[in-house]
Amino acid sequence: MVKQDSVAMKSKENQLRQYQSTAKRIIKVSIGLLIYVFDEVLGFIKRMMKIPSPGTSVTIYYHQVSEAERDRFAKQMDHLLRWSQPGRTNELGSTAPESRRVIVTADDGWLSFVENALPELQKRNIPVTMFVVSHRFGDRFGDPVDRLITEAELLSLRGELVTIGSHTATHARLTAESDLEIQWELHESRARLSHLLKADVRLFCFPFGAHNDESVNLCRSAGYVRAFGAQSTPPAQSADAFLIERVRVDPTDWPIEFHLKLMGVYRGVLSAAMLTQQARAAISAAFSRMASTVVSRSLQDHNARASTDRHPGADF
């Protein structure tokens, strides 16, 4: 009976998490649609006034693509081709006015991505950059049905459409490591991959999208020419040409969700979320100060009354 209650409780908790996740996605899509409509109206006005809009460049990243998700991934790539021009990671400079460029990347080097996503990319002549973990080839990362590619599988990926970049040696969260450990992760990974591929590996991707000023500077010093983060990249760093912000996409994304990500709208959604967090923090701090002031004044009043009670004749 106790076991059944525990299972039922876990089931309800999972359902609640799913509802919360869906609600967050709906909110993001709603904000994204507002931003998208505003951008489209603004673009229309500019075209009417013969003012060219600047081109956009968006970098997206995948992780795994299962066999069951292959068709959905293929449809996403068809949508990408209809709405944008595929680009490469070495083409991240300014884009032509009115143009949209989307760059596809994949993190970790999962076998499922190689087996299911890569053939669809090759059919459509879409370039991809894969960031692999140099010292964990074949590792499962705890996944019972998927694994990272082996050295032999990595070498078989050579081709004009596939570029290989470093994702550290062990998939370490660099913001939690010492400078010496960060340098080892950066240098060791680049050296091993360059040796295996007989080519200079100069692109890097931060595991978990986690980085700070120190890790970015060490990445530069290690000889990388460009580094990639994630959607959580702070604006001050995403403006740096060395560090490129990316948007995570999955085969399970809703069509409208995927479209908004391709259009670069989720950068605005991120900014809105950051502003919301800052507003909440400011409001919370203001309430804390108010509460502290009220408590302090109450204590002062209480102490004053207590002093008067102890010395009733002090005013005479």
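Tutor: Buried means under 20% relative accessible area, and exposed means over 50%, with partly exposed in between. The model discussed here is predicted.

Student: Why is E120 called buried?

Tutor: The relative accessible area of E120 is 6%. Buried requires a value under 20%, so E120 is called buried.

Student: What makes R70 partly exposed?

Tutor: R70 has a relative accessible area of 23%.

Student: Why is the contact of E120 with R70 called a salt bridge?

Tutor: The closest N and O atoms of E120 and R70 are 2.8 Å apart. The cut-off is within 4 Å, so the pair qualifies as a salt bridge.

Student: What parts does the pair of E120 and R70 tie together?

Tutor: Helix α3 (residues 111–123) contains E120, and helix α2 (residues 70–83) contains R70, so the pair links parts that are 50 residues apart in sequence. E120 also forms a salt bridge with R124, at 2.8 Å from N to O, and both E120 and R124 are buried.

Student: How do you know that K261 and D253 form a salt bridge, and why is each called buried?

Tutor: Their closest N and O atoms are 3.0 Å apart, and the limit is within 4 Å, so the salt bridge is assigned. K261 has a relative accessible area of 7%, and D253 has 7%. Buried means under 20%, so both residues are buried.

Student: Which residues do salt bridges that share partners join into one network?

Tutor: That network consists of R70, D78, E120, K123 and R124. The structure holds 14 salt bridges.

Conventions: Residues numbered from 1 in each chain as written. Predicted model: local features only at pLDDT ≥ 70, side-chain atom pairs only at ≥ 80, totals over all residues. Heavy atoms only, no water. Salt bridge = Lys/Arg side-chain N within 4 Å of Asp/Glu carboxyl O. Helix = DSSP H or I, 4+ residues; strand = E, 2+ residues; numbered from the N terminus. Buried < 20%, exposed > 50% of the residue type's maximum accessible area, 1.4 Å probe, protein only.
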